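Please look at the structure first, and then follow the text from one residue to the next.

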Amino acid sequence: PEVPFGRSSMLTLSAAAALAYSPTVAAPHARTSAASVSSRASAPRLGLLQKLGLRRGARFADDLGLPCVDECAVASYPNLPPSVHPGVVTGQALVDLLQHAKENRYAIPAVNCVTSSSVNTCLEAARKADAPIIIQFSSGGSQFYAGKGLDNTDYKAAIAGAVSGAYHVRAMAEQYGVPVILHTDHCAKNLLPWLDGMLAASERYYAAHREPLFSSHMIDLSEEPLEENIDICVEYLQRMAKLDMLLEMELGITGGEEDGVDNEDANPEDLYSKPEEIWQVYEKLSAVPNGRFTVAAAFGNVHGVYAPGNVKLDPEILGNAQTFIADKVSSSDAKPVSFVFHGGSGSDLKDIKQAIDYGVVKMNIDTDTQWSYWDGIRAYYKKYEPYLNSQIGNPDGADKPNKKFYDPRMPVRSAEETTVARLGQCFSDLNCVDVF
């Protein structure tokens with residue numbers, strides 16, 4: 001049945017997510033008229049956004065009764081392609097944004113999120129940097145977003161969590177006034193049902209809004225034979241192309257361990273892709289009509305953080321592949337491939353900069369932001385420990401209440417602040433500052 005959605009009949013984000021996930025209920029339509037005022041997050045350089053002019057036309061936030069005005073209500077940015085706008089970018093806007101990154105030698109940080117707090121932290125950091133950001137969910141992170149108490153048989157919880165997170169990102173990205181690529185991380189062969197569920201949600205969303213719910217998805221079949229990896233990616237790209245979605249594929253193996261995927265004992269040769277292999281991927285995926293894709297090629301990448309000298313990155317692999325493929329297709333573009341850098345946490349800055357020069361447009365960040373989030377909680381506890389041992393009684397008096405100190409919002413906000421600061425360093429390392 002059709003479900004009205006707008007100022008006259010409001011739905012919560014959770015209900016909206018349920019509509020997208022349910023195979024029997026149409027997704028809510030998100031193109032109604034604008035309403036009144038929204039609250040705005042404080043951040044540096046808001047004056048820049050004020051000068052850009054108000055964005056006209058309805059958006060996702062309008063349907064929530066929270067239309068963007070003033071600083072966040074821009075139609076586009078002076079230094080970005082006209083198609084790129086605040087909120088989740090898909091289709092041509094996504095392609096234009098990644099091409100702009102490659103041409104201007106910056107990479108967009110991609111942060112794994114597991115709660116609404118981590119999503120909001122990313123948006124706050126992007127707003128402060130005047131830069132786009134990629135918010136992504138892993139299968140485990142998606143399940144956590146839904147709640148670990150929820151049954152995950154057939155990945156139902158992971159699908160519901162990812163869809164719910166997607167709606168949260170769509171609502172809040174517009175409020176912060178930043179462009180966001182909404183992505184999902186490593187999907188191994190056994191996790192393809194999770195991807196199928198999210199694609200089904202995007203298909204329903206596309207039917208209502210003419211754009212997908214998510215911007216893009218990653219398929220990681222790097223442990224499978226290359227031919228099988230490519231064939232499955234082609235199959236999924238054909239489905240995604242109909243929705244104007246982008247596919248990120250991985251070849252070669254990223255070492256280390258992340259979110260239950262353990263490659264710490266991987267064959268060292270598998271940590272380095274060959275130009276011929278990257279060309280095989282490029283040739284097959286380029287043949288898909290309306291196919292959009294990025295390539296996470298291995299050049300010594302390792303998930304996690306290790307002591308200096310233990311990770312041997314070789315960004316020249318990316319440069320050699322660009323030259324090889326440009327010659328194959330007789331392209332005037334010296335960097336025909338858009339590369340993704342996995343295992344970026346703890347990498348040498350020189351290697352990061354060189355990888356960007358060779359066409360990396362996205363770098364994944366997880367381990368460093370996990371630590372920064374924990375470090376904020378740890379620092380809060382150390383600072384206020386005498387007030388956190390009981391509900392009543394502290395250095396100010398035996399009868400003094402401690403509620404304002406153990407309020408969960410206090411340590412969580414401390415975690416957000418330390419992570420915003422750490423992400424600020426990431427934006428700087430990736431040349432992704434003042435991009436607007």
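Predicted model: local features only at pLDDT ≥ 70, side-chain atom pairs only at ≥ 80, totals over all residues.

## Charged pairs, a cavity and some loop residues

Asp375 is partly exposed, with a relative accessible area of 23%.

Asp375 has a charged partner, Arg378, and the closest N and O atoms of their salt bridge are 2.3 Å apart. Arg378 is also described as partly exposed, at 30% relative accessibility. Both residues belong to helix α13, which covers residues 367–384, and because Arg378 and Asp375 are three residues apart there, about one helical turn separates them. As a general point, side chains of opposite charge can pair when their charged atoms come close.

Asp357 and Arg105 meet through their side chains in a salt bridge with an N to O distance of 3.2 Å.

| Residue | Relative accessible area | Class |
|---|---|---|
| Asp357 | 36% | partly exposed |
| Arg105 | 43% | partly exposed |
| Arg413 | 31% | partly exposed |
| Glu124 | 12% | buried |

Glu124 counts as buried because its 12% relative accessibility is under the 20% cut-off for that class. Glu124 and Arg413 are also members of a network of salt bridges, in which they are linked with Lys128, Glu416 and Glu417. In the whole structure, the search finds 15 salt bridges.

How many cavities of 30 Å³ or more are counted? The count comes to one, and the volume of the largest cavity is about 70 Å³. Its lining includes Leu94, Leu98, His183, Glu248 and Lys362. Four elements, namely α4 (91–103), β4 (179–184), β6 (246–251) and β11 (360–365), each contribute at least two residues to this lining. Sorted by class, the lining of the largest cavity holds six nonpolar, three polar and two charged residues.

Several loop residues also deserve a look. Cys68 is found in the loop between α3 (60–63) and β1 (87–88), and it is buried, with a relative accessible area of 7%. Although Cys68 and Glu174 are 106 residues apart in sequence, their C-alpha atoms are 6.8 Å apart in space.

Asp130 and Asp154 can be read together, one after the other. Asp130, in the loop between α5 and β3 (133–137), has a positive phi near 50° and is not a glycine. Asp154, in the loop between α6 (139–146) and α7 (156–176), likewise has a positive phi, of about 60°, without being a glycine. Is each residue buried or exposed? Asp130 is buried, with a relative accessible area of 1%, whereas Asp154 counts as exposed at 61% relative accessibility.

Definitions and conventions: Residues numbered from 1 in each chain as written. Heavy atoms only, no water. 1 Å grid on protein atoms, 1.4 Å probe; cavity = no way out; pocket = protein on both sides within 12 Å on 5 of 7 lines; lining within 4 Å. Points joined across faces, edges and corners; volume = space filled by probe spheres on them. Nonpolar A, V, L, I, M, F, W, Y, C, P; charged D, E, K, R; others polar. Salt bridge = Lys/Arg side-chain N within 4 Å of Asp/Glu carboxyl O. Buried < 20%, exposed > 50% of the residue type's maximum accessible area, 1.4 Å probe, protein only.
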